[in-house]
Amino acid sequence: MTSPPRRYPDYDVLDKRDSPSWDDITRHVVAGRLNPPERQFFDDALWDVLIALCDTIMPQPDRDRPIAIWIDAALAQNRTTGTRYDNLPPMREAWKRGLAALEAEARLCHGRPFHDLAQDAREALLKAIDREEVAAPEWNDLPPRRMFREVLANEIVRVYYSHPDAWSEIGFGGPASPRGYVRLGPNRRDPWEAEESAATRRSAEP
Amino acid sequence: MISQGSEIRAKDGRAPDVFSRDGWVAMRQYREAEEVDVAVIGTGAGGGVVAAKLAEAGLSVVAFDAGAFYRPLADFASDEREQDKLYWTDDRISGGDDAIEMGSNNSGRAIGGSTVHFQMVALRFRPEWFQARSRLGYGRDWPVDWREMWRCYDEVEDALKIAGPVTYPWGPKRGRYPYRQHELNASAQVLARGAEAMGVDWSPCPISTVSAPRGKSPPCVYRGFCKIGCSTNAKQSILNTYIPRALAAGAEVRDLAMVGRIETGSDGRATGVHYHRDGEWRFQKARRVVVAGYSIETPRLLLNSSSPSHPQGLANAEGLVGTELMVHSNHAVWGVMEDEIRWYKGPPSMAVCEHWNYDDDKDFHGGYAFMSQGPLPTDFATSMVKNLGVFGMELRRRMALYNHMAGLKIVGEVMPTPANRVELSEETDALGLPLPRITFRFGENDRKLSDHALRFMRTMHEAAGARDIFETAGSAHLMGGCRMGFSAADGVVDGAGRAFSCPNLWIADGSVMPTGGGVNPSITIMANATRIAGHMIGAIARGEG
């Protein structure tokens, strides 16, 4: 696996928590984000698949911020997106069936559970699913690419980039209210914004 | 202090003061047994304007909205996931070859509707678009004189104190925008550089956030979270402009009030609305009903309001309700810049190119505008996942270039097509209302338009210095579904917004648009609602309404 990006090594968006860039509701919301709840929705079997899927879609060799638990929490609340594609079941059922199909595909292709596969084998399996190359009967009428991109990966990526550490990683200014920004032009940076490392500044390489 | 959007606030003779953290303003209230002059369903770009205009004309108005009544200063976090509370996230069944993504893309569920999280782009229709069929050879004519719309645009732009350039390059000569333009962010400067390199016009985008203090609104501080709700009130949305006006003029606003059915009498006239609030179904009597639930909820409500006098659904004698649903194509090019752009700063779209809305030398009907971009992190990450299938460390590494990205994205006109539509499904929601079923497919002209746009924008982005360019496809906004027409066979409502087959029913939202144009629709919906409200007030004064 390639190494994680480190363009903003000295930047931590949480350092601004007590600054005018953060207001009360944002402090409250982000504090909640740093305190994951207990698992409520998934059973042990699907939980193992989900953990491995999160590690594959958003690998974190450099840290271990919980993702799966927030998906569990959202499904426990029956949180939905507003879109139910007519070839997908409702959100809770979509997750259960999608993870079960992924697990069945791993066992069919490799004779082992998804979470026992090496990272590159998991990635290859997901890419095959994304190409709609699936064999397990558990897929039945589920559309593999739509299931992968619009349900599974979509939500995992959303959760990852909802964590302050992810904002720091990409140099995002993070919360900004009531204080916004003054310097808007190219290569202009307010003192409370992330400074990019000199090593990567002129490079397209992360 | 923290609102989850589940608390009824407009009650006991008061409504939230949206300019305070926890204050109130007085609100007049009406008894349900009292036949009010007008029940308005929806408080967004259409309904909010109509409620304010009718109340200011002295009519008794109750405005219903399924969403919550937020105070931006206290309730809107700088956080994408939290702000999902502003979207309509109830299941809507979406199918067809190019099934539409609903939710954040094209819906709002709050007092103020989707204007609470709109991108604030305030572009007028090209005048010829109101006669697209007879003058440009596609789509439909509007039963509307563009000059009347022009006067209404003037009124709305002033009501929102749109900040824009001194001169705008496209369209008929126009007056100054009420507020001066904003300083351009780096993202907008990329578009400007590319356009100048290609020799086509560009402009600072007229936008609905104030560039100087206005009443209790401070000037925009360029925090960049416009698309998930402005927490400073610099953004001029329906929530902090027309709603306070409506309340001050004596309208009642009922928040968290989902209207499920419009009742009609044996004479076919609407008699009031059934709505669900505080755990029970209730009924408000009204002399007139204005529907403004936007292109999904308006058809859904009308189709669910069938009665012996309207057996196919209300205002659906000709079977047109729900048909010709439109979106805008929302395709984009993205690339890496050597400069630090930091596109999270400032409103997301501060520069615009409307060249292909006004140049007719092209191989497709309709037009498109495109704008500079500034997506927040999860918005941008998920667009890469959905379009490119990128995941894993590759996604993390591409996202690490976030501050060097720039993008150009279109608002592309989509042709009205009968098969693109909203119907009722067999399934019901928690309130027992049928779920809407949406069918959508881009047509051949729509594909030609988006292909043209992607080619043109790629060239411009390269000219601006972008590399590693990639494309995304998508849709945004909704229009149509209950179009205005010249006759009962031609539309659900007439040019004044009144239903052909129900004389005391009006529709005043984006669903009445016969064509979509190549610009963001909010300000056109607001201008058209202004026009419809004016016709209603006139008709009522003459005893014809």
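**Exercise 1. Trace the sheet that crosses between chains: what is its strand order, and which strands lie at its edges?**

Step 1. The order S1(A)-S5(B)-S19(B)-S18(B) describes an open sheet of 4 strands with mixed pairing. Here strands (E, at least two residues) and helices (H or I, at least four) are DSSP runs numbered from the N terminus, and two strands pair if DSSP finds at least two bridges between them.

Step 2. At the edges are strand S1 (84–85) of chain A and strand S18 (421–428) of chain B, each pairing on one side only.

Before going on, a word about the model: it is predicted, local features need pLDDT of at least 70, side-chain atom pairs count only at pLDDT 80 or more, and totals for chains, interfaces and linings use all residues. Residues are numbered from 1 along each chain as its sequence is written, chains are lettered from A and ligands numbered from 1 in the order in which they are written, and side-chain values use heavy atoms, leaving out hydrogens and water.

Step 3. Now look at the joins. S1(A) and strand S5 (residues 93–95) of chain B run parallel, joined by 2 bridges; A:Arg84 stands opposite B:Ile93 there. S18(B) and S19(B) run antiparallel with 5 bridges, and B:Glu423 faces B:Arg437 in S19(B).

Step 4. S18(B) and S19(B) make a hairpin with 5 residues between them, and B:Gly432 in the turn has a positive phi of about 85°.

Step 5. Across S18 and strand S19 (434–439) of chain B lies helix H7 (residues 294–303) of chain B, at about 65° to S18(B). That angle is taken between N-to-C directions, from 0 to 180 degrees, with axes fitted to C-alpha atoms, for helices over the stretch in contact.

**Exercise 2. Is B:His276 buried or exposed?**

Step 1. Find B:His276 in strand S11 (residues 270–277) of chain B.

Step 2. Its relative accessibility is 17%, so B:His276 counts as buried. The scale, for protein chains only and a 1.4 Å probe, is buried under 20% relative accessible area, exposed over 50%, and partly exposed in between.

Step 3. Leaving aside neighbours within four places in sequence, its contacts include B:Trp281 and B:Leu431; contact means heavy atoms within 4.5 Å.

**Exercise 3. Describe the interface: how many residues does each chain bring to the contact?**

Step 1. Chain B brings 70 residues and chain A brings 82 residues.

Step 2. Together the chains bury about 6300 Å², 53% of it on carbon and sulfur atoms. Buried area is the accessible area (1.4 Å probe) that two parts lose on being put together, summed over both.

Step 3. On the chain B side, B:Arg81, B:Phe391 and B:Arg396 lose the most area to chain A, together 15% of what that side buries.

Step 4. Between the chains there are 11 salt bridges, each a side-chain nitrogen of Lys or Arg within 4 Å of a carboxyl oxygen of Asp or Glu. One joins B:Asp79 and A:Arg33 (2.7 Å, N to O).

**Exercise 4. Why does the salt bridge of A:Asp24 and B:Arg21 join two chains?**

Step 1. The side chains of A:Asp24 and B:Arg21 meet at 3.9 Å, N to O.

Step 2. A:Asp24 lies in helix H1 (residues 24–33) of chain A, and B:Arg21 in the loop between strand S1 (14–16) and strand S2 (24–26) of chain B, so the pair joins two chains.

Step 3. A:Asp24 is partly exposed, with a relative accessible area of 40%; B:Arg21 is partly exposed, also at 40%.
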